[in-house]
Amino acid sequence: MSANRIIAATPDSRVTAVRASSWGGLFDCAHKWEGEHLLGMRMPAGLRAQLGTAIHASTAKFDAGRLPGGERVTVDDAAGVFVDTLTKPERDVDYTKDDLTVRDAERIGLTLHSMYCLDVSPQFEFQSVEAKLAPVDIDCGGGVIVRLTGTMDRARVATTPAGAVIPDIKSGARVIEKGEVKTKGRSAQLGTYQLMHEQEHRAPTAGGQVIALQTTSKPATGVSPVFDAKRVMLGTEDKPGLIEFAADMFRTGLFPPNPQSLLCSPKYCARWSSCIFHE
Ligand code: SF4
């Protein structure tokens, strides 16, 4: 990828603003991503997604209290945020979507919350939690600019001897496999955060990392090794990175379908009813 892909927009540019946290989904099924993020197609979340939202809110509250100068938050106080977010969602939730009851979601979530606060969080020295990011503009050619905006949803910045690392919390039923935290497919979002953090702080990052919170009936947590997610975004000397592929999609307006996606289902894709590619 050429370095001049990340530039400043001019008054003549056509700018599309997208949330940095959605960038990973673009490379799962771009057609689905276009439907949801550019065409405004929406569907209610399931209870498992709401469980994820609740545990991200409670762990963020706890970690914010561990920042330098932060006001300490107890594990129990932060657990209150979990219960509130789970039981009083601010969005539509379809309680029939997942094979999970609210009672089970609460039990799993509270267990994971405690495991995270007591065992995982103390392993990190955080600089920021879900920090707001300055926008980054990507030149797609032909006067088309994609503007990455938003906050580091669910991600933190940690201080390590090697430099700043970006740990991103992922929750779900399959985030740990055979005892290993899954990092496959995580580079698009984490690499985006690395790029945005580097632009804002004008200093390199040491990499990204996945903190996994497994929301199965036997909850589990795990932390992946640090890896260079940015490389996947930028590419190498002789291979284009994901930004190059994304730029082609935005410039041409062609967002290819991926019927092999794990989310290709009427349960999870808002474009399902009008999409011909899953047949
Ligand atoms: S139905 Fe499948 S192929 Fe079509 S947009 Fe949704 S996820 Fe992609």
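Analyst: Start with serine 128. Beyond its neighbours within four places in sequence, serine 128 is in contact with Leu67, Arg156 and Val157; contact means heavy atoms within 4.5 Å. This is a predicted model: local features need pLDDT of at least 70, side-chain atom pairs pLDDT 80 or more, while totals for chains, interfaces and linings use all residues. Residues are numbered from 1 along each chain as its sequence is written, and side-chain values use heavy atoms, without hydrogens and water.

User: Why is serine 128 called buried?

Analyst: Its relative accessible area is 18%. Buried means under 20%, exposed over 50%, and partly exposed in between (1.4 Å probe, protein chains only). Therefore serine 128 counts as buried.

User: Where is serine 128 placed?

Analyst: In strand β4, residues 126-129. Strands are DSSP runs of E, at least two residues, and helices are runs of H or I, at least four, numbered from the N terminus.

User: What makes leucine 262 exposed?

Analyst: Its relative accessibility is 68%, so leucine 262 counts as exposed. Leucine 262 lies in the segment after α8 (242-252).

User: Which strands form the open sheet, and in what order?

Analyst: The order is β1-β6-β5, with mixed pairing. Two strands pair if DSSP finds at least two bridges between them. β1 and β6 (residues 144-149) have 6 bridges, in the parallel sense.
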